[in-house]
Amino acid sequence: MSAQAPRYSARVRSLFGSLEGAGELPAAAGAAVSGEAIALDRLAWVQFAARVDGGRIADCRFRAFGCPHTLAAASFAAAQLRGAPVDAGFALDAGRLARELEAPAEKMGRLLVVEDALRDLLEGARRVQ
Amino acid sequence: MKGAVYLDHAATAPLDPRVATAMAACLADPDLQANPASSHAAGRAAAERLAAARSQVARLVNAPPEAIVLTSGATESVNLAVLGAVRGAGSARRHVVTSRIEHRAGLDACRQLEREGHGVTWLAPGGDGLIRPDQVGAALREDTTLVSLMHANNETGVLTDIAAVARLCEARGIAFHVDAAQSAGKVPVDAAVPGIALLSFCAHKLGGPKGVGALYVRRRPRPPIQPLHHGGGQERGLRSGTLALHQAVGFGLACEQARAALGEEPSRIRVLRERLWGLLQAAAPAWRNGAAEPSLPGILSVGFAGIEGESLLLELDGEVAAASGAACNSATGEPSHVLRALGRSDEAIQASLRLSLGRSTTAEDVDRAAAAIVHAVARLRAALPVGALERIA
């Protein structure tokens, strides 16, 4: 397989290229919560960290190991969660992530790992609010 | 802005411009349009040009021109050698010795023989990627008809001691097929070593065109080969079909140029490869897949802890053209069977990159590629989950 990789959507390339939201959660007011999902058999490992303040997710960061779609989905999800109410419901499932990223069907297993990490995070967020 | 550094010569080498010119000239030459098998003057002119090209091909592997069968490439050569030698040996059930780290052409040909009822012993390499001659010796049986092994592995570059294996086969009267698709033109390859009955190679790994290859078939004793193609009886009945003269001309010139470069080029490329490996230490923890020596000078298979191969390739897109740990399985996306046979985990296989240097590679290319890889690895590691670097390798 050569380095030319034409099977990524422009959205994936953009998110993967910037990896916005990757790294440490900065210290700030509010309760820190985290969520994680590991599936090394699918070569995916995703961690989210968020700060909950006043019923909202004040900030959200991610760390991830995986393919470009995994990293792009984690970056997209972290950006979507920033500023969102904790109890707004869960709309960021793997299906939505796949549509947003125009991901091929074979990536669904890895996007489910992102979904699992998000669910873990939001469960923690609801507990602390 | 410069283009991507091409470090995928093991997949295919860039066509040498002199080869392209010679092929175009051949295609355009009104005196070389006839079928080389035709007996008229125009046919004889084409046949003469073909003979010259065949001699160039033969010289690369120290073989007589009459021992060279032109094919469509190494895949066909390997299939003709493996299937042809066993089927040609008669209807009885036969035994073949090969390894788990062969190219898919060799693996699949041997699997086909298993389906036809023949026995195959699949030798496993050590963690260093080496298939040792004593393993081959221990696997030989009374009914062994063929030993088929790669000279240089296409993913790790590790070299098999084919002279030692040839001696074993010679002593037992067993046909030995060498898949030299990666090594021919990169290091000296000598088909005249006693015991080598068949040897496969192709043009596009050494600066020639895709779509043409060769199978050396020893003349005395000539192994009985059953052809895969039937028809006009070209290539001494082993490969029917009208020969593509321009392909042979390109192959011949590429072989001649590769042969002329064999004195200096292997050591130059080896120095560049070790320079690359040295520079990649900046991306430690990193490891090398397969033994550093004996190996083909131009192949470096490396892995980086905590790195997922597909992300690394996208990160390098436009900067370095290389192959992932799924090198030979891009159609299926399955991890490399070669690295798996070396005992690597799926994570380690996916974290691996095959960098293959060639005649066009310069020191500047190596420095640029190393800088790009080190930067890419650092960027991906910066986003890793806590604890992942230690766990994923």
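Me: How many bridges join strand 2 and strand 3 (residues 56–65) of chain A, and in which sense do they pair?

Reply: Two strands are said to pair if DSSP finds at least two bridges between them. Strand 2 of chain A and strand 3 of chain A have nine bridges and pair in the antiparallel sense. One bridge sets Phe48(A) against Phe62(A) in strand 3 of chain A. Helices (H or I, at least four residues) and strands (E, at least two) are DSSP runs, numbered from the N terminus.

Me: What conventions apply to the model and its numbering?

Reply: The model is predicted: local features need pLDDT of at least 70, side-chain atom pairs count only at pLDDT 80 or more, and totals for chains, interfaces and linings use all residues. Residues are numbered from 1 along each chain as its sequence is written, while chains are lettered from A and ligands numbered from 1 in the order in which they are written.

Me: What lies in the turns on either side of strand 2 of chain A?

Reply: Between strand 2 of chain A and strand 3 of chain A there are two residues, which makes a hairpin, and Gly54(A) in that turn has a positive phi of about 65°. Strand 1 and strand 2 of chain A also form a hairpin, with four residues between them. In this turn Leu43(A) has a positive phi of about 55°. Strand 1 (residues 31–39) of chain A pairs with strand 2 of chain A in the antiparallel sense over nine bridges, and Ala37(A) stands opposite Val46(A).

Me: Is strand 2 of chain A mostly covered or mostly exposed?

Reply: A residue is buried if 20 or more other C-beta atoms lie within 10 Å of its own, exposed if 12 or fewer, and partly exposed in between, with C-beta atoms placed from the backbone. Nine of the ten residues of strand 2 (residues 44–53) of chain A are buried, so the strand is mostly covered.

Me: Why is strand 5 (144–150) of chain B described as largely enclosed?

Reply: Strand 5 of chain B is largely enclosed by the rest of the structure because seven of its seven residues are buried. Strand 5 of chain B pairs with strand 3 (95–99) of chain B in the parallel sense over three bridges; there His95(B) has Thr144(B) as its bridge partner. Strand 5 of chain B also runs parallel to strand 6 (175–179) of chain B, to which five bridges join it. Leu146(B) stands opposite Ala175(B) in strand 6 of chain B.

Me: How far does helix 4 (residues 104–115) of chain B reach, and which of its residues are buried?

Reply: The expected span of a helix is 1.5 Å times one less than its number of residues. Helix 4 of chain B has twelve residues and reaches 16 Å from its first C-alpha to its last, close to the expected 16 Å. Its buried residues are Ala105(B), Gly106(B), Leu107(B), Ala109(B), Cys110(B) and Leu113(B). Leu107(B) counts as buried because it has 20 C-beta neighbours inside 10 Å. After helix 4 of chain B comes Gly117(B), with a positive phi near 100°.

Me: How many residues does each chain bring to the contact between chain A and chain B?

Reply: Two residues are in contact if their C-beta atoms, placed from the backbone, lie within 7 Å. Chain B brings 28 residues and chain A brings 21 residues. On the side of chain B that touches chain A, helix 9 (309–316) of chain B gives the most, with five residues.

Me: How is chain B divided into domains?

Reply: Domain bounds come from an automatic or database domain assignment. Chain B has domain 1 (5–12 + 263–391) and domain 2 (17–260), with 29 Å between their centres, taken over C-alpha atoms. Contacts link 24 residues of domain 1 of chain B with 26 residues of domain 2 of chain B.
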